[in-house]
Amino acid sequence: MRAIVVDRYEVTRADRAYYFGDVDPTGGLDWSVRPDESREQTLDWPAAFLTREEAKLLGERRGMRLLTAREWIHVAIGKRPDSHPFPWGKGQRSSANTLELGLGEPTPVGTFESGRSEPFGCYDLHGNVQEWVSDWVPCYEGSEHEPVGPVDLDGVGCALGGGYDDRGRATFGPDASDDLAFHGKVLDPAHRAPDLGVRHAADAREYLWRFASEWGEGERARRRVADVGRSWAELSGRDSVLLVLDDLAARPDAPASLGW
């Protein structure tokens, strides 16, 4: 098992604008959704209208990648699926932006504090926008159930977690045929939709080593980095975090920020 870092929030429209510049990957679609709203008013909404290839490219520009379906499910419900049918545990359907809420549009990422996943603290793994993953698992809608494990299928994409236009469903459970299925959809990889976005991940060692030199210098930067490290330890366990950081900080040319 390898350590990964995962976006706490769904990738935002501001992120997409930053990494794609003025190029509109949606082919000219209006991604402010409502004509009476300016683009700036929705920059903290999740990025949408991305094909799987565009979602992958956006991740590469961030030094990250799509999650595998298995990784996404682990981040959503951890190792306790019986006690965590939803990312936050049981019940509380109001903890997510789904069809039942009736908003009919995305909300700014991180709006639903009570909907954070346990134990990793990620937002919007249920509702808001469904999220592209790199491979496939059996889904409640539109998939067959062979094989059971995640696989790559030519011409088929998978998005997990549902969106604001989907009714709330448990992350996993029996489908109509009483087979195990997950809260997702099988889609054409070229599909675009206003409720289809992405969250990225990266292998922890490679990612931290690549970006640690950009974390800044001085006391303010040191305090900020240490605070992030403490939050990781609370979510993932101190020993797990130190296993990665001690290894990196011990390298002869390690930046001081890894020691922080």
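This is a predicted model: local features need pLDDT of at least 70, side-chain atom pairs count only at pLDDT 80 or more; totals for chains, interfaces and linings use all residues.
## Overall make-up

The protein has 260 residues, and 46% of them count as buried. Its secondary structure consists of seven helices and nine strands.

Contacts can be sorted by how far apart the partners are in sequence. Among contacts with a separation of 6 or more, 76% are between residues 24 or more positions apart.

## Helix 6

Helix 6 covers residues 238-249, which makes 12 residues. From its first C-alpha to its last it reaches 16 Å, close to the 16 Å expected at 1.5 Å a residue.

Four residues of this helix, Val241, Val244, Leu245 and Leu248, are buried. They lie on the same side of helix 6 because they cover an arc of only 90 degrees around the axis. What do these buried residues pack against? Their partners are helix 4 (204-211), helix 5 (218-236) and helix 7 (256-259). The face turned away from the buried side carries Arg238, Asp239 and Leu243, which are exposed.

## His200 in strand 9

Strand 9 runs over residues 200-203 and includes His200. Is His200 buried or exposed? Its relative accessible area is 0%, and since buried means under 20%, His200 is buried.

Leaving aside neighbours within four places in sequence, His200 is in contact with residues from separate parts of the numbering. Val5, Val6, Asp7 and Val11 are among them. The list also has Ala55, Leu58, Gly59 and Arg62, as well as Met64, Arg65, Leu66 and Leu67. His200 and Arg62 are 138 residues apart in sequence, yet their C-alpha atoms are 8.8 Å apart in space.

## The cavity

How many cavities of 30 Å³ or more does the model contain? The count comes to one. The largest cavity holds about 30 Å³ of space.

Its lining is made up of Trp88, Ser95, Ala96, Phe112, Gly115, Asp124, Leu125 and His126. By residue type, the lining divides into four nonpolar, three polar and one charged. Asp counts as charged, and Asp124 is part of the lining.

Conventions: Residues are numbered from 1 along each chain as its sequence is written. Side-chain values use heavy atoms; hydrogens and water are left out. Helices (H or I, at least four residues) and strands (E, at least two) are DSSP runs, numbered from the N terminus. The expected span of a helix is 1.5 Å times one less than its number of residues. Buried means under 20% relative accessible area, exposed over 50%, partly exposed in between (1.4 Å probe, protein chains only). The arc is that of the directions from the helix axis to the C-beta atoms. Contact means heavy atoms within 4.5 Å. On a 1 Å grid over the protein atoms alone, a cavity is a set of points where a 1.4 Å probe fits but cannot get out, and a pocket is an open set with protein on both sides within 12 Å along at least five of seven lines; lining residues have an atom within 4 Å of a point. Grid points are joined across faces, edges and corners, and a volume is the space filled by probe spheres set on the points.
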